[in-house]
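Open the model in your viewer and follow the stops below in order. Each stop gives a selection and then what is found there.

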Amino acid sequence: MHYISQNFFWRDTVNLNQQLDLIRQSATVLLNDRIVAARAAGKRVIPLHVGDPDFPTPPSVLEAAFRALRAGLTHYGPSRGDPELRQAAALKLSRDNGLDYDPQSEILVTHGGIHAYYLALQTLLNPGDDVLIPDPTWATHVNMALMLRANVIRVPAPVENGFLPTFEDWERALTPRSRVIVINYPSNPTGMYPSRAYMQTLQDFAAAHKLWVVSDEVYENLYYEEKPISAAALNGAKERTLLVHSLSKTYAMTGWRVGYLAAPARVIDQAIKVSQNSITCVAPFIQKAAAFALTDPDVQQAAAAMRIAYARRRDLVMCIASEIGSTKVIARPSPGAFYFFLDIRPLRISSLEFCERILEEAGVGVVPGSAFGRLGEGFVRMTIAASDAEVETGFRALLTWAEQQKTSGGSV
Ligand SMILES: Cc1ncc(COP(=O)(O)O)c(C=O)c1O
């Protein structure tokens, strides 16, 4: 009896971190749970909801990890990261982005892109600082800032503006407490990325208002039009820009959990403290495999082949869209990443209802646009990181299901 009342006391009167009440469980994760449950119950679901390449990691990268394991790299390593991987990251930034980073002082190895993003914000933000983040964007961009007790100011990036904020909107979002802007191009969920001229203007805006720029470039290798420019590659940009990089998407290495932060030395010197006191280091044998992936010419070929496959699937989606000529779902060609942000506004139902019903009634998994912000409402995110057959059957089923729906009178 005494025991029970003590439990009651702890459960009901001792507070948890109230900041976490501001964060809703990711709709992507919740939907994924439902899909896993549906599949476990024997239901067929076409997985067009996950942001995880359907390709295996190139086998030679696995071999590099095995070699490192056999060589005994099973102990702690330096918190800054294996010098070989930092050198490989610097080489990659020079080879692919024309950027000059010092591997000794300007690169920090991280536990994937998400951890690089965490380190970036933890290093820059004081509680109460304002962070400017476009709407829609990947929910973690917002949630991480909230966890760190920053104020998030969403900058509208509606479909009418090509999913990019106008400079009037960037200006309008400014307050005396603005410290950081977060960008992510190519974008999750829209696939959009801006021109060089836009990025230069954005960097000039950041310089004029003394803002840091955190640029999440994890989809940089997945583009189907002109190559996107790194936010650090503009005039005068490097000193105020923190680049979030990852091997997850480019090399189909999501489960390896490895990425890096590239930033001015004084930022890295502080970020190391956060990394050291949260993860100690990234597993050393994983780092050897990552160094191999970033530099081996055959692995670059394999990454290029994956990009070509995504480009083919993107064309496939556009072909099916024009063949069916849907009046309910509008597919705009996605310039980058492996997502389509499908416009379902003609249906006049919420994006969540769309996703729940299409999962239930047609067995297709897609993610509600509302998971990415208020301006994501009216859209659903569909991935092309699934096999050609899954993309084709899933997208056809989605359009067919949508065409059968009666448009409700209300607005979403
Ligand atoms: C925009 C964006 N940034 C970062 C990440 C995290 O990538 P990683 O697997 O490297 O942590 C994701 C994953 O989906 C993402 O969509």
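**Stop 1: the ligand shell**

Select the ligand in this predicted model and show the 13 residues around the ligand; Gly 112, Gly 113, Ile 114, Ser 246 and Ser 248 come nearest. Colour the shell by residue class: nine of its residues are polar, three are nonpolar and one is charged. Next, select helix H5, residues 112–124, which supplies three residues, the largest share of the shell around the ligand.

**Stop 2: the nonpolar core**

Which residues have the most contacts inside the largest nonpolar core? Select Ala 120, Leu 261, Ala 289 and Ala 293; these have the most contacts within this core of 125 residues. Then select helix H10, residues 284–295, which gives the most to the core, with eight residues. Colour domain 1 (2–56 + 300–404) and domain 2 (75–296) separately: the core lies between them, because both give residues to it.

Stay with Ala 289 and display its contacts. Leaving out residues up to four places away in sequence, Ala 289 touches Val 61, Ala 64, Ala 65, Ala 68 and Trp 256.

**Stop 3: Ala 304**

Move to helix H11, residues 297–324, and pick out Ala 304 within it. Is Ala 304 buried or exposed? Ala 304 is exposed, because it has 12 other C-beta atoms within 10 Å, and a residue with 12 or fewer counts as exposed. Finally, select Val 367 as well and draw a distance between the two C-alpha atoms: Ala 304 and Val 367 are 63 residues apart along the chain, and their C-alpha atoms are separated by 27 Å.

Methods: Residues numbered from 1 in each chain as written. Predicted model: local features only at pLDDT ≥ 70, side-chain atom pairs only at ≥ 80, totals over all residues. Near = placed C-beta within 6 Å. Helix = DSSP H or I, 4+ residues; strand = E, 2+ residues; numbered from the N terminus. Nonpolar A, V, L, I, M, F, W, Y, C, P; charged D, E, K, R; others polar. Core = buried A, V, L, I, M, F, W, Y, C linked by C-beta atoms within 7 Å. Buried ≥ 20, exposed ≤ 12 C-beta atoms within 10 Å, placed from the backbone. Domains from an automatic or database assignment. Contact = placed C-beta atoms within 7 Å.
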